[in-house]
Amino acid sequence: MSEIYRASTTAPVNIAVIKYWGKRDPKLNLPTNSSLSVTLSQNDLRTHTTASCSPSYPSEDTLLLNGSPQDVSGARTQACFRELRALRKELEDKDGSLPKLSSYPLKIVSENNFPTAAGLASSAAGFAALVRAIANLYELPASPTDLSRIARQGSGSACRSLFGGYVGWEQGTAQDGSDSVAFQVAPASHWPNMRAIILVVSAAKKGVSSTTGMQTTVATSSLFSARANETVPRRMKEMQEAVQNKDFESFAKTTMVDSNSFHATCLDTYPPIFYLNDVSRAAIKVVEAINAAAGKIIAAYTFDAGPNAVIYYLEENEKDVAGLFKVALGEKEGWAVQRGEAVQANSA
Ligand code: 2P0
């Protein structure tokens, strides 16, 4: 019987506080602006992936996500497989005694511990875990930076899930994408009392995919160029300083205005893209009320390409933020609040 080679890993979800929106090269997933995110704890939202290969496997590569077979013929998945196989092949060419894993079919098995289609950055954790699982299987001497360059080609935001804590993605300038990689701004331990709650307004699959939405925004929004070329570069600096100085008010303010700016360019897209709904806007009002009552900014909202809110706050304000959300909204249909963990709610 032929041997089966196997490796497993997990990768967490990341939630951007400076948003990636726009591609200058859709094939390589090269962005029009840098971005910055917070990687959630592995105990919260994560993808667990096992990669295996064997000469005895049927000839096609396969991917099973939460028990369902996925199409791996897409250019993005193929790019990840191709790059990782090429790196393995280099090792095999150098050392003839290594088993020829690069020539064996791959079997990937992934499980998310959260609703996949809920707009909760499942592709970020998914591609980060896929790339690292195969890199481990192939025993590649690749750094997280190298892996981020590969994962980016699967899904842009995935490059940021290769690092923990506070993570930047440098847009880069090279045409081949060689300098469009993630980097760690600070480890999670630098600011350990940071907390996030995710309010799952709707677990339905999003109406407009990120890729399509971005392309339409770049092509039609008149606000877009100022955001990509002026606003975001300035905010990237402010955000890195806020993290370095553990300045929550600055972190929170920049997070909220960048989310607003991203959704403004979506609204300014033609035809317009609406990711926020009435429940999302109610969440913004609650954050405003919390901050007004505190007399300072103790909570920040941010929204990705969907209506679900992520609220950042510090542990010492748990009662005033997470507690108040539960009181204000917990009883309403369509809301579910649980610290650090997304829970599916009725559709709003
Ligand atoms: C982000 N989003 O920075 C932004 C904020 C959504 C809004 O990255 O086409 O799934 O796979 O590169 O990474 C979602 O876009 O897009 C995203 P692709 P991706 O997190």
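A caution before the details: the model is predicted.

I'll start with the sheet. Four strands make up an open sheet, and their order is E2-E5-E10-E11. The pairing is antiparallel. E2 and E11, the latter covering 182-186, are the edge strands, each pairing on one side only. Ignoring direction, neighbouring strands here are turned by 35° against each other on average.

Now to strand E5, residues 35-39.

Take Ser37 as a reference point. Ser37 is the bridge partner of Ala16, and in E10 the bridge partner of Ser37 is Val167. One place along, Val38 stands opposite Tyr166 of E10. Keep Tyr166 in mind, as I'll return to that residue.

Which residues of E5 are on which side, and are they buried or exposed? In a regular strand, side chains alternate between the two faces of the sheet. In E5, Ser35, Ser37 and Thr39 are on one side, with Leu36 and Val38 on the other, and all are buried. That is 5 of 5 residues buried, and both faces covered.

Next, the helix pair. H2 spans residues 122-137 and H3 spans residues 144-154. Their axes come within 9 Å and cross at roughly 130°, which makes H2 oblique to H3. The crossing is right-handed. On the H2 side the contact is made by Phe127, Ala128, Leu130, Val131, Arg132 and Ala135, and on the H3 side by Leu147, Ile150, Ala151 and Gly154. By class, the residues of this contact divide into 8 nonpolar, 1 polar and 1 charged.

Last, Val243, which lies in helix H5, residues 224-244. Why does Val243 count as buried? The cut-off is 20 or more other C-beta atoms within 10 Å. Val243 has 23 C-beta neighbours inside 10 Å, so Val243 counts as buried.

What does Val243 touch, leaving aside neighbours within four places in sequence? The contacts are Tyr166, Val185, Ala186, Trp191 and Phe251. Here Tyr166 comes back: this is the E10 residue opposite Val38. Val243 and Phe325, for their part, are 82 residues apart in sequence and 25 Å apart in space, C-alpha to C-alpha.

Note on methods
Residues numbered from 1 in each chain as written. Predicted model: local features only at pLDDT ≥ 70, side-chain atom pairs only at ≥ 80, totals over all residues. Buried ≥ 20, exposed ≤ 12 C-beta atoms within 10 Å, placed from the backbone. Helix = DSSP H or I, 4+ residues; strand = E, 2+ residues; numbered from the N terminus. Pairing = 2+ DSSP bridges. Axes fitted to C-alpha atoms, helices over the stretch in contact; angles between N-to-C directions. Parallel < 35°, antiparallel > 145°, perpendicular 65-115°, else oblique. Left-handed = near helix turned anticlockwise from the far one by under 90°. Contact = placed C-beta atoms within 7 Å. Nonpolar A, V, L, I, M, F, W, Y, C, P; charged D, E, K, R; others polar.
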